[in-house]
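Visitor: I am new to this one. Please show me around.

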Amino acid sequence: MPRYAIVTREFNFEASHHLPNHRGKCRRPHGHSYRLEVSLRGPIIEAPGESSDGMVMDFEDLKEIVNHCIIESLSDSVPRGPEAIPVEKGGMDHNDLNALTGIRTTAENLVHWIWDALVSGGVREELLYRVRLWETAKGYAEITRAERGLE
């Protein structure tokens, strides 16, 4: 019987956004120091003598995928909403999330966008377990496989 584990890697990035027509101050452009947590759940690999033995996924591999497809650069395979506009090279870090994603950039919408981006960037959806995005030190949005209708 396989053994399972949940592994989580944390990422930090700075970005700006705004919420047009919002009744509060978020309607104006502003920035956040975001904290992103990506969790995978899967079987622990049993491959004696192999580098991946005893892991669900190597933390370094997860870091490379996340940085390559959304944080430091934006993979060409990442879906972008209808309001997306061309942006300079780069990913979510130090960018305008409205322009980059083309969606209404609430934390709730961003976690779904990030999930889609991770899957299109190479994270196997059957391993992706949770995406949690901290917008402030006290507030975050998260989704799991259940919110995606995968359980």
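**A histidine site and a helix pair**

Guide: Start with His30. Leaving aside residues up to four places away in sequence, His30 touches Ala15, Ser16, His17 and His18. Bear in mind that this model is predicted.

Visitor: In which strand is His30 found?

Guide: His30 belongs to a strand that covers residues 30-43. That strand is E2.

Visitor: Is His17 buried or exposed?

Guide: Buried means under 20% relative accessible area. His17 has 2% relative accessibility, so His17 counts as buried.

Visitor: Which residues does UniProt place under "binding site"?

Guide: The feature comes from an unreviewed UniProt entry.

Visitor: What is the largest C-alpha distance among them?

Guide: They are spread over 16 residues of sequence, yet they cluster in space. The largest C-alpha distance is 8.3 Å.

Visitor: At what angle do the axes of helix H1 and helix H3 cross?

Guide: H1 spans residues 59-71 and H3 spans residues 107-120. Their axes come within 9 Å. The crossing is right-handed. The angle is roughly 115 degrees.

Visitor: How many nonpolar residues are in the contact of H1 with H3?

Guide: H1 brings Val66, Cys69 and Ile70. They meet Trp113, Ile114, Ala117 and Leu118 in H3. No polar and no charged residues take part, and the nonpolar ones number seven.

Definitions and conventions: Residues are numbered from 1 along each chain as its sequence is written. This is a predicted model: local features need pLDDT of at least 70, side-chain atom pairs count only at pLDDT 80 or more; totals for chains, interfaces and linings use all residues. Side-chain values use heavy atoms; hydrogens and water are left out. Axes are lines fitted to C-alpha atoms, for helices over the stretch in contact, and angles run from 0 to 180 degrees between N-to-C directions. Helices (H or I, at least four residues) and strands (E, at least two) are DSSP runs, numbered from the N terminus. A crossing is left-handed if the near helix is turned anticlockwise from the far one by less than a right angle, and right-handed if clockwise. Contact means heavy atoms within 4.5 Å. Ala, Val, Leu, Ile, Met, Phe, Trp, Tyr, Cys and Pro count as nonpolar, Asp, Glu, Lys and Arg as charged, and the others, Gly among them, as polar. UniProt positions are given in the numbering used here, feature names are shortened, and annotations may be inferred rather than shown by experiment. Buried means under 20% relative accessible area, exposed over 50%, partly exposed in between (1.4 Å probe, protein chains only).
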